[in-house]
Amino acid sequence: MAEVATIYRLYGAGGTKYSLAGKTGRFCTQDSDPGLNNPCKVPPTGEVYYSYRVTDCIGITGDFNQVRDIYIHCDGNFASEWGLDAGNGGGLFVGVRDAGDHGLPIDVVLHGSNQYAQAGGTPGTTGHSIDDSSNGHPYYKDETEKVRNFDLCLANSPLLIDSGPYTDDFYSKAWVLSLKIVPTATYGAKTPKSVIVTYNIF
Amino acid sequence: MAQPTFRRQWVLIRPDGTAMPQFEDDGSDHQTGDYEGPVAQILFLPISPELAEKIKSHGDVAEASNLKPLEFEVPPGAEFKFSRFGMLRLDPVSYCGFCGAVYDYEVDECPRCLAKNQWYCGKCDALQKKPILDTILATPEKEQKIIKIVPHLQKWAWRIAENLPGKWGFYSIQARCPECEKTDPRGLKLVECTGKMQSEEIFTYYDLQIGSERHRILDYKLNKTIAD
C-alpha cells in the first residue's frame, strides 16, 4: 500500500501531536487547539504582537523504500491576503537555521534529538517571536537569520525542512511558524490559506 | 490522513524485454525504488476501471482515467533516475452536513443537494429566507458600529470593513426576523447545514531523468479543459 500522510500540530509541554486532518489550523494566542478562542490581536500604536508560534510536522506511514527531501512552500500571499502590512514588517515568519535542514528535531530516535519548545506568551494578547533574544525559540533565536518571511518560500524556492531519509513510518522534523502583527495590520476574520508539503518517495 | 490517488501507472521495461508494472494484476503495488537494474523503456499507462478496483482492494486509492499513454526510451548507458513525489496540500473547503459533498470554499450552497445555512425564528417557528442582517464592525479599541451590506456581498463583510476609513474590522452579524420586526423585533437562530474545513489531499507526480533530459509526469485530474 502506498503512503498515508498527515499533518500534525504539536501542543503542550511535551509536544503532543494532534492531527490537522479535517480541521482549520488557526494562529491564535494560546498553546492548544483554540477553536475561535483567543484570536490574534492588532496591537496599539508603538507595539508589535505575535501569534503563539505553531509547530507542525508531517507523519507518513505505509509501504515505501525511502522518503526524503521534505519541503514546504506557499503561494506568497499570506501578508497581502491577511492584511499583515508587510511594508511595516508584518507577515508570517518561519524559523530557519544557518546550515542544514531548517526543520526542528522533535524525536530523539528519528532526528537525533528533541528540540521542541512549548509556545508561550500572554494568552489572549501576544506570543513570543521566534527570534526574540530571551523568549524566542531556543533552536532558532541564536542563528544568524533566525526567521524568514514565509511569503518568500514559493514553489520554486521551497524551504527544506527535512532531508531524511526515512525507510519506515516516521514523523518529520517540524516547521515553526508565527505571525508578526503590526499596528497597521487590518482587523477581522481571515480567509484560510494553504501550506504545501512536498516529499520525494521511492 | 491523505493517500495519493493513482490515475496512471508506470511500467519499467528491462533490456531483456520483461516488464515490471507499478501494479500487478491483483492490484498489489511496487514502489519506484523496488527495481534498480538497467531499464530500456518506461511507460505511463492510464489505470483501467478493473485495475482501479483491484488496487482499492489493497487499501490504495485509484481512479480509472483516460490520461494519455506516455513512452520514454532509455538509450543504453544513459543515466536513468526515476522517483515519485507527493505534494500534500491543506486547502480550505466547504462541506455539506446533509449529503457529505465537499466543494469550493467560497460557495455557500451545496451544489449537490442545495443545502445551505438557514435562519430560524422561534416566535414564527419558521425559517426566514430574507432575514434583516446587520453587520457589526469593531475597532481594536472595541468601538462598534452597525452597517448594512446587501445579502450577496455579505460573505465579503470582512473585506468591505477593511476598506472603510478607520481601523474597522468585521466583528459579527446580527440577524432579525422580518415578520416580527414590525411589532416585536426578534433575533434569529442560525441553523448550520454546511461548514468549512481543511481538506488534506496528496497530489502525485513523477520525476524522470534520462541522460540530460528531465521530465515531470503529472498524475492530476485537471478540472479545466486543456486548450487544443
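Which residue of β7(B) does A:T198 stand opposite? The structure is a predicted model, in which local features need pLDDT of at least 70 and side-chain atom pairs count only at pLDDT 80 or more, whereas totals for chains, interfaces and linings use all residues. Residues are numbered from 1 along each chain as its sequence is written, and chains are lettered from A and ligands numbered from 1 in the order in which they are written.

In β7(B), A:T198 stands opposite B:M87. Strands β15(A) and β7 (residues 80–96) of chain B pair in the antiparallel sense over six bridges, where strands are DSSP runs of E with at least two residues, helices are runs of H or I with at least four, both numbered from the N terminus, and pairing requires at least two DSSP bridges between two strands. Across the two chains, 34 residues of chain A are in contact with 37 residues of chain B, contact being defined by C-beta atoms, placed from the backbone, that lie within 7 Å. To the side of chain A that touches chain B, β15(A) gives the most, with six residues.

Within chain B, four strands form an open antiparallel sheet in the order β3-β2-β4-β6, with β3 (19–21) and β6 (70–73) as the edge strands, each pairing on one side only. Strand β4 (residues 41–46) of chain B is joined to β6(B) by four bridges in the antiparallel sense, and B:I42 has B:F72 in β6(B) as its bridge partner.
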